[in-house]
Amino acid sequence: MNASRLCLATPDLARPPSDFFKELRQRVAAGARLVSFYGRPSDDPAEVVLTAVFDAADGLMVSRASILREHGFHSLTRDVPAFHIFERELFEQHGAKPHDHPWLKPVRYPAGGAARPSDYPFYKIEGKEVHEVAVGPIHAGVIEPGHFRFMCLGEIVHHLEIQLGYQHRGAEALLLRGSPLALAPLVETLAGDTSVAHAWAYCDALEALTDRPPDLATETWRGVGLELERIAMHLAGLSGMCADIAFMQGASTYGRLRTTAINTSMLLCGSRLGHGWIRPGGVRLGVDGRTVAALTSNLALIRRDIAIINRHFCQARSVGHRLRGVGVVSTGQALELGLVGMAARASGVEIDARTRLRGELGTQLPIQMVVETSGDCWARASLRIREIDESLAWLDAAIAGQTTPAAAPAQRGELAPDRLAISVQEGWRGEVVHCLETDAAGALRHYRVQDPSLRNWFGLALSVRSNEISDFPICNKSFDLSYCGNDL
Amino acid sequence: MFNALKVRLSQGSQYIPDLRDVTLVGFRGRPVIGEPPCEAGCQACRDVCPTAAIAGPEPRLDLGRCVFCNECVLACPDQKLHFGPDYRMASGTLDGLVVGPGKAEASPVAVSEALHRRFGRSLKLRSVSAGGCNGCELELNAVGNVNFDLGRYGIEFVASPRHADALVLSGPLTRNMNQALETGYAGIPEPKFIIAVGACAISGGLYADAPSVDRSFATRFTPSLYVPGCPPHPLTFVNGIMDLLGIRPPRGGA
Ligand code: SF4
């Protein structure tokens with residue numbers, strides 16, 4: 001079954017860990033893509049339960065086992081680098097050590113831990129001519145904080161180390177407080193630029209646990225919210241890239257088109273960032289003849305005007321000069337690192353949950369996946385331009401003949417006991433993964449959130465190697481990653 | 001060349017002529033609470049509020065906590081409250097953020113003579129996000145875009161605290177940003193002030209009790225302006241600052 005959500009009875013954990021790790025390697029060898037790998041506390045405090053999620057030929061698959069914290073496990077990162085950030089996270093959260101991990105450093109400095117951002121073990125490059133440049137956590141613009149340290153020889157970056165965790169709020173712990181049916185406002189702020197994708201992933205998993213799947217009209221209106229979010233954030237990213245290369249017409253035009261896109265969201269749900277659009281059980285939209293007419297005409301305006309600025313952007317020599325060949329991530333690197341979303345697709349990796357894991361909505365109203373191959377800043381910019389076009393086309397098809405969605409009924413119902421529900425939504429950056437697990441009484445016992453940024457930050461670090469340090473801002477903007485989404 | 005002209009032509013003029021007088025369509029802004037007293041003992045709105053923003057029997061809604069999720073509106077059996085499109089919600093005091101029954105008008109931000117004299121014609125802002133989810137940051141960036149163009153009043157974000165007159169704070173204040181926030185604020189030369197943006201910065205919002213949030217900075221320094229929202233609309237921010245500095249009072253205003 002190819003669907004973006006999976007709900008299964010929590011598998012039996014009584015198996016030798018060695019079998020489990022063998023199975024992980026076998027799945028990877030068989031071509032399955034690692035989607036997530038995480039731990040949760042076990043009933044026995046000496047143990048931690050490991051869960052690996054794969055995107056395999058038949059859809060999402062899960063492997064699980066319980067291991068002794070104290071023993072840890074043999075790291076898989078050297079053989080399968082896509083595990084690297086997951087193993088670091090696992091060690092930080094649960095103390096299960098991935099032995100022989102090549103890069104076992106803090107991720108978020110959670111409460112209760114002794115580690116502090118000030119004593120991060122930076123990689124050192126020795127040499128008389130080598131110098132370091134440290135930037136952040138507070139950056140020049142209005143932007144979230146994080147620390148970048150460049151090891152350079154002259155103007156050339158040999159290595160960039162990205163140290164995050166400054167934004168860590170402890171969101172996953174909060175998700176276990178209060179009613180699991182009422183988490184939407186919190187979920188919408190996990191990464192505030194990806195509110196709709198996170199809210200949808202949450203509702204998807206929750207509706208699997210309450211066994212109340214939404215109807216197609218609801219799914220379609222959720223899709224409208226998601227694609228509007230994608231268009232708006234792609235426009236914001238393009239505007240930012242233009243500002244970084246001093247292509248001011250692009251900066252202002254993409255910027256004001258974004259205003260149109262987010263005001264359209266506001267018209268339907270009251271919030272420019274799509275807060276309140278999606279709730280368990282449905283959508284909460286003010287859709288009537290007037291708003292649908294405004295939606296249609298706003299989309300037509302974006303389509304008309306974006307074609308004009310796109311042409312200018314794509315043909316301007318200064319733009320091509322600043323973006324082509326800069327910040328390259330090869331297809332091989334993207335695959336190895338397990339990059340996701342637009343960063344992966346810009347490097348020729350064909351993954352997009354909307355086409356790969358499509359449920360009924362994706363079958364009825366398919367969307368075209370966009371792939372670029374050059375893996376540079378240019379590819380990441382033109383991918384966003386082309387994705388906006390595809391989203392606009394999809395929205396046209398989706399809105400045509402749509403009826404007014406029923407007001408979201410307050411979601412009721414018990415969560416099924418001893419279940420693990422996993423949902424994957426393709427947000428504008430990439431796949432958003434939510435994994436919710438219930439205990440024997442049907443209470444939420446664990447909530448795992450995964451923003452695509454978690455996996456893609458290392459892609460940014462790789463992209464700037466052997467580039468000039470002055471090209472860092474444009475590389476950074478081209479990846480456009482979330483700090484909060486990473487730090488939670 | 002022709003491409004540039006075509007862009008110019010399609011762009012037209014995008015700026016909002018009067019930032020004081022805009023009608024927002026669909027915006028979930030300033031709440032309006034009906035006059036007639038509530039059924040004794042009704043807790044419906046309080047029970048669903050994720051940030052404990054509603055208190056008292058009247059009820060009274062604290063914009064400093066509210067994330068505008070609309071749950072209370074849907075929960076109220078008497079449809080006593082709704083969110084209107086008014087974006088004027090900023091206040092110079094925490095008390096000014098509390099909305100009670102029947103009061104449709106925003107309590108105006110008191111003009112600060114001292115701030116007007118110093119910064120009325122040029123105000124440079126340094127933004128620090130300490131756990132802000134990029135919602136507030138996106139909207140703060142938007143105040144400088146071609147639509148809102150706050151730069152027309154000499155109000156701009158700058159790259160260094162050294163160049164700034166005020167700190168614009170967003171996010172619930174994470175423990176891991178504590179030190180950088182202190183250093184950043186210390187780097188702004190006197191005289192300076194603080195603007196707290198969004199429910200998170202004002203009260204901790206949804207993250208008030210989060211395990212890795214440390215609000216000690218907020219207990220030691222008092223903002224001169226609170227800009228509520230999740231995130232605040234750019235116009236809430238813009239009008240709040242203009243009120244505080246006494247720039248172009250709104251039509252019909254003082
Ligand atoms: S809209 Fe504000 S006051 Fe009402 S429930 Fe949501 S957070 Fe609470």
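**Two chains, from strands to overall build**

Strand β2 (residues 33-41) of chain A runs antiparallel to β3(A), and eight bridges join the two. Strands here are DSSP runs of E with at least two residues, helices are runs of H or I with at least four residues, and both are numbered from the N terminus. Two strands count as paired if DSSP finds at least two bridges between them. This is a predicted model, in which local features need pLDDT of at least 70, side-chain atom pairs count only at pLDDT 80 or more, and totals for chains, interfaces and linings use all residues. Residues are numbered from 1 along each chain as its sequence is written, chains are lettered from A and ligands numbered from 1 in the order in which they are written, and side-chain values use heavy atoms, with hydrogens and water left out.

Back to that pair of strands. A:Arg33 has A:Asp55 in β3(A) as its bridge partner, and a hairpin takes the chain from β2(A) to β3(A) through five residues. On to the next strand: β3(A) is joined to strand β4 (residues 59-68) of chain A by 10 bridges, and these two also run antiparallel. Buried means under 20% relative accessible area, exposed means over 50%, and partly exposed is in between (1.4 Å probe, protein chains only).

A:Leu76 sits in the loop between β5 (73-74) and α2 (84-94) of chain A, and with 1% relative accessibility it counts as buried. Leaving out residues up to four places away in sequence, A:Leu76 touches A:Phe21, A:Leu24, A:Arg25, A:Phe83 and A:Glu87. A contact, by the way, means heavy atoms within 4.5 Å.

A:Ala246 is not a glycine, but its phi is positive, at about 60°. A:Ala246 belongs to the loop between α6 (216-244) and α7 (248-269) of chain A, and its relative accessible area of 58% makes it exposed. A:Ser466 is likewise not a glycine and has a positive phi of about 65°. A:Ser466 lies in the loop between α15 (453-463) and α16 (472-479) of chain A and is exposed, with a relative accessible area of 59%.

Over in chain B, there are cis peptide bonds to look at. One runs from B:Glu58 to B:Pro59, with omega near 0°, and B:Pro59 is in the loop between β2 (54-55) and β3 (60-62) of chain B. Another joins B:Cys230 and B:Pro231, with omega about -10°. B:Pro231 is found in the loop between β10 (225-227) and α9 (234-245) of chain B.

Now for the whole chains. Chain A holds 17 helices and 14 strands. Its radius of gyration is 22 Å, close to the 23 Å that the globule rule gives for 488 residues, so chain A is as compact as a globular protein of that length. (The radius is taken over C-alpha atoms, and the rule is 2.2 Å times the number of residues to the power 0.38.) Of the 488 residues in chain A, 62% are buried. Among contacts in chain A between residues at least 6 apart in sequence, 67% join residues at least 24 apart.

Chain B has nine helices and 10 strands. Its radius of gyration is 19 Å, close to the 18 Å from the globule rule for 254 residues, so chain B is as compact as a globular protein of that length. The C-alpha trace of chain B spans about 65 × 45 × 40 Å along its principal axes. Buried residues account for 57% of the 254 in chain B. For contacts in chain B between residues at least 6 apart in sequence, 80% link residues at least 24 apart.
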